[in-house]
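Morning, everyone. Please have the model up on your screens.

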Amino acid sequence: MSNPTITNEFQNIPNALLDDHGLIECPVILLRGLVIFPGAVSPIAIRNSRALAAAQVGLQKHRTVIALTQRTSISTDVENLYTVGTEIALGKMLRDTHEGRNVLAQGRRRIKVVEIVQTDPYMVVKARPIEENNLVSDDTQAIMQTVTTLLKQVAELNPVLPEDVIDHILSATYPGLMADLITASLVLSLEERQRILEIQDVDERLQQVALLLNQELNVLELKDEINSQVQQEMDRSQREVYLREQMRVIQTELGESDIFQQEINEVREQVFKAHLPPEIHDKALKELSRLMIMPPMAPEVGIIRTYIDWLTGIPWNKQTEDKLNIADAQEVLDEAHYGLPKVKDRILEYIAVRKLAASKMKSPILCFVGPPGVGKTSLGKSIAKALGREFVRVSLGGVRDEAEIRGHRRTYIGALPGRVIQTMRRAGTTNPVFILDEIDKLGMDFRGDPSSALLEVLDPEQNHAFSDHYLEVPYDLSKVLFITTANDLEPLPPALLDRLEIIEFSGYTEEEKLAITRKFLLPAQLEAHGLDNIKITFEKRALQAIIRQYTYEAGVRNLNREIANVCRKIARLVAEEKPYPPHITSSKLIEYLGPPLYTSSRAHKEDTVGLVTGLVWTYDGGDISMIEVSVLPGKGTLLMTGQLGDVMQESAQTALSYMRARASDFDVPSDDFENYDVHIHLPEGSVPKEGPSAGITLAIAIISAFTERKARSDYAMTGEITLRGKVLPVGGVKEKVLAARRAGIKKVILPGDNKKDLIDVPKEALDDLNFSFVTDMQQVIDRVLLPPPPDGRKRDLERQEDEKDEKDEKDEKQA
C-alpha cells in the first residue's frame, strides 16, 4: 500500500451518483493479480487498449471507475471476472513500463456488478454499492483491539511495513476501513484478497483479518528464529576458517604438504597445458589468483575451480583437418543414403569451395526440413564422416529456457554453460558437424525464448564471438558446420528462419522404399538379429506388401520396425532349433505381422453425391482426405465438423458463396439455401485440419450435394478457390502427389500455376498419374461431376409431391 498522504489528489473526484434503482454506471478496468480495497492507494498497470480507454474516460471526466479482478490472467472474458469489486478514483498517470502504463488509484467503496452495459471500446457495468454498518459495538471494539495488538507485533518483526503506513492504519476510526487497510498491506494470494473483499459483515471481516495477522505473526517469529540459528552457524564457520588457517601455518612450519596448495599447482599446470588464446589465458590466471588468496573452505573455491575447468576443457584451437576429396565424399554419402540428390550436391559443393577458398568461406547454416523417418539426422552423421569431422548432436525438443542455450550466470548455485558450449567440449574440436535436432519443437515461457538465443549461434556474422552467460568470454563458433532439422517451418520465428538455408526432404516413393529396404534396412536388421550368416531372403511382393499394407508414412521408420518384427520371429525359430522359412513370401506376413493395418487404397471406389477426395500436406508428408457434404432440411445453417481451422472454415464459406452465386447455372432454386442446412465433415475428427488448399475440393462437394450430381471417385484434387471461382496455387505439391499415388488414385487435379512444381516429383510417380491443370472452377466441375440425374433432383421430386398433396387436400376441402 502506498503512502496515505498522497490521497489528497483524489479529493476532487466524487463518487458516482446512484440512479433511481440505487445503481451506479461506470467504466471498468480489469486487474490482473491485484485486488484494490476501499481506502487503500495503489498503482495499477494498464496493459491493454480497453483498460487504457476506460482510464482516460475517468481521468478526463474526473469521475470514478470500477476495478474488477480477473480470476486467471489468461482470459478477459466476462465469465473470468469476479463480480465483487471496488469503485476507485484515478490519480496521475505514472511513467510507461515495458508492460504498459501505471496509474495511481484510491479505493472508494465496495460494489457488486449487476449488469454489463457494453464491452467495446471499453467495458461499462451497472453495479450496486455495498453499504457498511460502521457502528462500533462492544464486540467490534474488542476485535479491533485484538487486531491492533497483532498488527503492532507484526510491525515489530517485519521491517518492510513503513511506520507511516502502520500509523495510518491505527488511526482508522471505522472497523471496516481498518480491516481493508490491513488486508491491503499484507502479502496474500489473489484468492485470499478477493475473499476478504467479498465479506460484507464488518465483524466477520475483522475476525478473518485477525486470523491472517496471527498466521503472519507465526511465520515472522519462525523466520526470526531461523535467522538467529543461521547467525550462530556463520560464527561457527568463521571460527573453523581461523582454526584451519592456523593448521596450515603449523603444517608449513613442520614441512608437511598442503593439499590445497597442491590443487592450486595442478590448476596452474592445467591452465598452461591448455594453450589458451591470450585473452582467455589471462582470464584463467586472474581467476587462479583469486583462488589462491581464498581460504580452502570458502564457498567460492568450488565455483572458481569449476569455472577454470570449463575454460581449459573447451577446445579453443584444436580442429580436425577436412577431407576434401569430392569423389570419396560422394562414395561415403551414397553408401549410407539412397537418393537425396539435392542434399548431397549441396555438401559436395561445400567441399569444393573449401578446397578452392577455405580461408574466405563461411560455414553454411543448413536446415533439413521434412517428415519423420526420411533420414535427416542420420544424414548429418554421414556428412561428418565424409568431411572427416567429429559429429555431435543436441535435441532441442521441449527446451523452454533460454539458459539451456546461453547458460546460467555464475552467481547461481550449480550454474553451468549452455548446451552449445557443453557440446563443443564433448566434441573436442572447434569444427565439428553440429546437429541441432527438432528445432521446430522449441518452447517458450517466462524463463525466456530459446529460439531468440539461437539467433547469435546460427548467424555467421555473429557466431565468431558467441557469448555464453557462464563463460563471460567470447567463443568462436564460426568453424562449426551447423545443421538443424525440423518437421515443419511454421513454428520458427522469421528472424531465425532468415538465417537458415532450407533443404527440403520429401517423402519416398514405393520404388525408393524398396531400394532403401534392399540396400540398407534388410541387411542391417538381419545382422542385428544374428541372421546374416543364414540365407534368408524377402521376395519383392513381400516387401511391397509390408510397404502398402503395414505402413503408411512418408519415411521408412515404421517400415524398418516391421522388418525387424519379422526378423525377430525368425530369430526365435532359429534359436529354438525349429524349422524356419528361408524365403519370406507375402503369404507369410499375416503369420508374422498379423492382419494388414492398411488397405491397398484408402480412397472410396464408388462415384457418390457429396463425397470428394482432397489432397493435404501433413507433418508426415502428404495424405488424402475425404470431404463429405450433406444437405439437410433446416434454416440455411452452415455446420462444419472434423476440427477445421479458421482458414479452412473460411475456405468452406467461400466455396458455399461461390455455389450460391452460380445457383441458377446449376438449376438450384434459391429457396434451397434458406430451407436446407449444409453439413461439411472431414473424417478423422481428432486430427486438426487447416489451410486454404481444400477450397476446390470443398466447392465440388458442396455443388455435388446441392445438384445431386455424383462426383467421380477416381479424381483427387487440391487448390485454393476465390469467390469468382479462380483456382490459386498451393504448397506441398510433391507430397500431395505422392500421397495420391500411395492411395491408388490415378487422376490428380492441380492449379495451373503449380505445374512448375512437378519437376521435384519422381519420374515413376509422374508416369503413373494423369494430371489436369486448371485455372477456373468450371474446369474442375466439367472433369469431376457427372451429369445430373435423368429424373431430376430427389429434393425437387419430393417438393412436387408435397405441393400435389397440398393441392389435392385443398380441393377436397373446397368440395
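A definition to begin with: rings of Phe, Tyr and Trp (its six-membered ring) count as a pair if their centres lie within 6.5 Å, with planes under 30 degrees apart called stacked, over 60 edge-to-face and the rest tilted. This is a predicted model, where local features need pLDDT of at least 70 and side-chain atom pairs pLDDT 80 or more, while totals for chains, interfaces and linings use all residues. Residues are numbered from 1 along each chain as its sequence is written, and side-chain values use heavy atoms, without hydrogens and water.

The structure has six aromatic pairs. One of them is Trp316 with Tyr475, edge-to-face, at 5.0 Å centre to centre and 70 degrees between the planes. Trp316 sits in the loop between α9 (299-313) and α10 (326-336) and Tyr475 in strand β11 (residues 474-475), so this pair ties together parts 159 residues apart in sequence. Helices (H or I, at least four residues) and strands (E, at least two) are DSSP runs, numbered from the N terminus. Both Trp316 and Tyr475 are buried, meaning under 20% relative accessible area with a 1.4 Å probe, protein chains only (exposed is over 50%, partly exposed in between).

Next, Phe368 and Phe505: their ring centres are 5.0 Å apart and the planes at 45 degrees, so the pair is tilted. Phe368 is in strand β7 (residues 365-369) and Phe505 in the loop between β13 (501-504) and α17 (510-528), 137 residues away. Phe368 and Phe505 are buried.

Finally, the cysteines. How many disulfides does the whole structure hold? Zero, taking a disulfide as two cysteine sulfur atoms within 2.5 Å. Cys26 is buried, at 0% relative accessible area, and Cys567 is buried, also at 0%.
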